[in-house]
Amino acid sequence: MIPKERIYAILNRQPVDRLPVDLWCTPEVLDDLRRYTGLQDELAVYDRLGIDKIVWVFPGYNGRYFDPNDSGEITLWGVPTRMVKAGLATYQEYINPPLAGYENTSQLDSYPSWPDPDMFDYENARALAESARKWNFATIGPWISHFEIYCQMRGLQNAMLDILVNQDFLEATLNYIDAIQTKMLDRFMTELGDLIDIVFISDDMAMQDNLLIPLESWEIHFRERLRKWCDLIHSHGKKVLFHTDGAAFPVVQGLIECGVDILNPIQHVCPGMEMSRLKQMFGRDLIFHGGVENQKALPMGTVEDVVRETTDCLSTLGSDGGGYICCSCHNAQAGTPVENILAMIDTVKNYKIL
């Protein structure tokens, strides 16, 4: 099977020759893999390593290519950023949230930096997807979010307070964020058609040991908006991948009821996210993506540690014939040994489906 066929089969719960292996990684890790393979083209690297890469497709905006991980003086939502060095890695940090000083909902009408859905570069997105297809890869895009964008625009501290004491402002702002992205998403899926396979929704709802916001707040402010997005995505024949780090167990059933098809990244070291529990309770309703522990095993473990970790993910999340796309649990971080990444890939490729 070629990579996209393997991904399609898993998503549709059909037989596969082997379970697929995807890779999320930072630019530093990708550069290490370029040096290892001797190839510069990103997709050529994935092809050489035998990765079933689900390729990211981000549309540009107003003449600038947009990748949520890239630096830029200001985001398309009007949020300034800076790049921060942390050890071997460089990360994007949002600064000076433009809505931090807003005190009432009437001010939102005059905010100057609401994105225009017509200014996204759908043609460029199509070209990116066509490139992925030439390598026989599946695709995922664009990148939509409710609460993460709200936190960027409002500032994390203000956003946390708004959840509790300023819900009218929260709702009014979310209405803008939702409406703009809904128009963009509908056009994105229409213009790309069969070139896009999965839509990526990212809204971290959990920390390392608990939810980030009360479950009741998720039910009130985010559940129905997510359901509408899932309905729209399904009406175009696409699958929904929902990303939330951390101890997100309390919201998982709600995500399923909204229509989420794929859950990422399965941070199983967090309370409630134990793989056997998730598989037993939700394995019939969700495809799992991720799993390979990325705080200790992958970046700091031995090759043997990575083999054991990957095998555990495969035998648990991938039991009963599939329902699992193996991948690093979020981005493999700068400094992760290449031999550990290769160990994850090779373990998946050699694993016999039970």
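**A buried loop residue and a helix pair**

Modeller: T26 is found in the loop that joins α1 (3-11) to α2 (27-37); helices here are DSSP runs of H or I with at least four residues, numbered from the N terminus. The model is predicted, so local features need pLDDT of at least 70 and side-chain atom pairs pLDDT 80 or more, while totals for chains, interfaces and linings use all residues. Residues are numbered from 1 along each chain as its sequence is written, and side-chain values use heavy atoms, without hydrogens and water.

Colleague: Is T26 buried or exposed?

Modeller: Buried means under 20% relative accessible area, exposed over 50% and partly exposed in between, with a 1.4 Å probe and protein chains only. T26 has a relative accessible area of 7%, and is therefore buried.

Colleague: Which residues is T26 in contact with, leaving aside its neighbours within four places in sequence?

Modeller: Contact means heavy atoms within 4.5 Å. For T26, the partners are N331, A332, Q333 and A334.

Colleague: How do the axes of α6 and α7 cross?

Modeller: Axes are lines fitted to C-alpha atoms over the stretch in contact, with angles from 0 to 180 degrees between N-to-C directions. Those of α6 (residues 156-165) and α7 (residues 167-192) come within 6 Å and cross at roughly 115°. Angles under 35 degrees count as roughly parallel, over 145 as roughly antiparallel, 65 to 115 as roughly perpendicular and the rest as oblique; α6 and α7 are therefore roughly perpendicular. D162, I163, L164 and V165 of α6 meet Q167, F169 and L170 of α7 in this contact.

Methods
Helices (H or I, at least four residues) and strands (E, at least two) are DSSP runs, numbered from the N terminus.
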